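Please look over the structure below, and then follow the paragraphs that lead through it step by step.

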Amino acid sequence: MNWLDICALDEINPLGSRVVAAPGGDIAIFRTASDEVFALDDRCPHKGGPLSQGLVFGNTVACPLHNWQIDLASGAALAPDVGCAHRHLTRIEGGRVQLALNSKEECSPS
Amino acid sequence: MQKLKLVMVGNGMAGVRTLEELLKLTPDLYDITVFGAEPHPNYNRILLSPVLAGEQTFEEIVLNDLDWYAQNGIELKLGRKVVDIDRRNRVVIADDGSRAEYDRLLLATGSNPFILPVPGHKLDGVIGYRDIADTRMMMETAKVHRHAVVIGGGLLGLEAANGLKQRGMDVTVVHLGGWLLERQLDETAGRLLQTALEGRGIAFRLGGVTEELMDNGDGRVCAVRLKDGEVLAADLVVMAAGIRPNTELAEKAGIPCNRGILVSDTLQTFDPRVYAVGECANHRGTAYGLVAPLFEQAKVCANHLAQFGIGIYKGSVTSTKLKVTGIDLFSAGDFLGGEGTETITLSDPIGGVYKKLVIKNEVLVGACLYGDTADGGWYFRQVREGANISEIRDHLMFGENAIGDVGHQGQNSTANMPDDMEVCGCNGVCKGTIVKAIQENGLFSVDDIKKHTKAASSCGSCTGLVEQILISTVGGAADVKPKSEKAICGCSDLNHGQVRKAIRDNHLTSISEAMQAMQWRTPNGCATCRPALNYYLISTWPGEAKDDPQSRFINERAHANIQKDGTYSVVPRILGGVTNAAELRRIADVADKYQVPMVKITGGQRIDLLGIRKEDLPKVWKDLDMPSGHAYGKSIRTVKTCVGQEFCRFGTQNSTQMGIDLERALSFMWSPHKVKLAVSGCPRNCAESGIKDVGIIGVDSGWELYIGGNGGIKTEAGEFFVKVKTAEEVMEYSLAFIELYRQEAFYLERTVHYMHRVGLEHIKKAVLHDEARRKELHRNLVFALSLQSDPWKQQIEQPALNRQYQRIDVRPLESV
């Protein structure tokens, strides 16, 4: 597993997000109210909207363009929409957020 | 934790809907047992007529299949009739001897057809029309017999008659009343209906009194004898002379009943552990027989069963629609009228169109339509909302299309829309898809449609249209409510008005505090309620409530307008549309430096820089050195002006300066929705003041103020508000009105919709007739605005805010 250092947890607002410029395209890192951190490709499966700019609630982000709701843990669009935002692994080590790029993997609907 | 036990007696639409609502609220509170006397799962009883007429099959009208019960852990006991309730030991006993204990009991026993107690009423071939067994029996009888008599010319009777006729029987309807559907139609419409049905070959005996059902000698009915001596051949007699709430079980258990099980506004019976919903319940003297009120009851009852304890059922306004293909009639509210009411009538007996509107105290209270019911849903909405119609009275009869132009918001009738016409532009959903989803899934509300089809779930501008499609598909069963009654979102049962009030009354100043106090069901709300809550908090408690950027849509969080490719547009403030060479030079330099793909003059007399990358936004703002124009928010937008007196040869007032002063005063103001103003220097109105939230027109003797105009989805001309003499008065009156709107409107409600909801008189009373109130409103807004400053500057200067614009580069971790 190739972990990348991203930022301190405090540098992401609760219910907020940051954008990571990764070689394969932007990745959105989300922080929930309970301080869990998730990472998804910053592209909505619908029309490519930047999910990092969406509103976060619970373990869900609403895409800023057309309000598709994406489950942060799996990357799967919530019903009735069908689609998948590619997800990456995250962990918090000593207050710092780390990311491991996930080569292609299907999203597992939660 | 030991679960509570909930037993439901009756497995029909009202009861099962209550369970659905309950499971949504608290999926794990109860172990649920359901007793159903019929051997079927819950089906859509209002679609029995299409089954009888051969337009749908039974399978198509099942609402909850057996899997649904299993998935929700509900123990379903079909084909078992509950015969006794032992209230002391809290046990119900079924006819097969099986028992079930309960902590809460829900009675949803529905109703029975009223069988006229005439001689012969027990013969074979005499049935009511309530369930699928009756329907099947009618279908079987039609195969082998010829003559049918339907007793009762109400909705059910006519649907039965039509179905039997479709299946090839000779049908006569015997009806006691003077005209058909006398509870739904007035006499004129009733006659038109009769003519239409006679055209289909159905015969009628109005004023007919049934005296005897005659035996064929084998214990089967063979004829009906009327009081006037006439004898009608009948192999089948359908009694559709009304329904009686089924209270047998409740009465036996000693629960007070009086034409229905008596229930309170929380659907509780005399025994606090026992609830009742649906056709068996008598609420404030009415036992409803239509599905929409039953669903409203279900919602309230579920809320109390879930131990939330909020929600009160206050009775329903109902509307009806006859489900006979090809015959359009619609009625709602008090369509007969009476003392103190006025009536507007349109009657074209040859063309087969009849419309009657009943008005009381400037409010539409009832409507009866025959032949052309396209506007039925719209009239029904007017009746429910109780809006003042005095201003549209002369167009009212011609329906929604006659009121202004036709637009997206459901303002055009859906009946004539082709199936492949796109309804929801955001998600590409066509009318046919919506209709199919409604029919196949048994949907009754716009929320359900949103979930199944995605229509109206994004920008929401087609919600009205979707609502109309729903109404035209399921008629009076549609669960439609004005925004003032609807829950704010799925996270709470409170509506916008209640939320505002709670925030004010309990001095709530943060989102988490508000959610806790109002018992939000979700830990941090959703994308619908959080922006609304945030606005209500900051507008109610300026300076005290802290703005929460994470609860704002991206445009208001990034202070720029997101475009479809994820870039942003930047519009600096240009007061009154007046700029100068230095500003233009800086804008040009920015356009060069950041290679801005498009520079555009906006409709609001400003300059839009489109296609800016998010990480460049703070730099662009810094280089522009101009404040935010708030072109992205639910906020003040711009004050459009004409040249005015200074240069224009027609100008009567200095409109440009007035516009600049207003825009400066309102800078950085948040509001329920966007707010646009315009100031014109003479009645030629070059600044288009007539379609602005506040429009000002200079005249020789002063200024005229118009409010509630809108040039958006549906063009609305502003209403004349007041004429004043001085620029100071323009400022005071305009700001007072805007503050009233900020305090009272619902989130995402434009001034025009706010004005229609509360009435122009209400606004005039507060702002024009009450000087102290006006000055207070003006003062409040000035105070709230004194706390605001340029958001672009804040974003540049405060690191916590600035962070969102910085992208993070990846660094490999050294020790892996």
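**A walk through chain B**

In this predicted model, chain B holds an open sheet of 5 strands with the order 3-2-1-7-19 and parallel pairing, where strands (E, at least two residues) and helices (H or I, at least four) are DSSP runs numbered from the N terminus, and two strands pair if DSSP finds at least two bridges between them. Strand 3 (75–78) and strand 19 (274–276) of chain B stand at the edges with a single partner strand each, so one side of each is left without a neighbour in the sheet. From one strand to the next the twist averages 15°, with axes being lines fitted to C-alpha atoms and angles running from 0 to 180 degrees between N-to-C directions. Strand 1 (residues 4–9) and strand 2 (residues 30–36) of chain B run parallel and are joined by 6 bridges, and B:M8 has B:V34 in strand 2 as its bridge partner.

Chain B has 26 helices and 40 strands, and 48% of its 816 residues are buried, a term that requires 20 or more other C-beta atoms, placed from the backbone, within 10 Å of the residue's own, while 12 or fewer count as exposed and values in between as partly exposed.

The loop between strand 35 (675–680) and strand 36 (694–699) of chain B contains B:C686, where UniProt, in an unreviewed entry, places the feature "binding site"; such annotations may be inferred rather than shown by experiment, and their positions follow the numbering used here, with feature names shortened. B:C686 is partly exposed, because 18 other C-beta atoms lie within 10 Å.

Residues are numbered from 1 along each chain as its sequence is written, while chains are lettered from A and ligands numbered from 1 in the order in which they are written. Because the model is predicted, local features need pLDDT of at least 70 and side-chain atom pairs count only at pLDDT 80 or more, whereas totals for chains, interfaces and linings use all residues.
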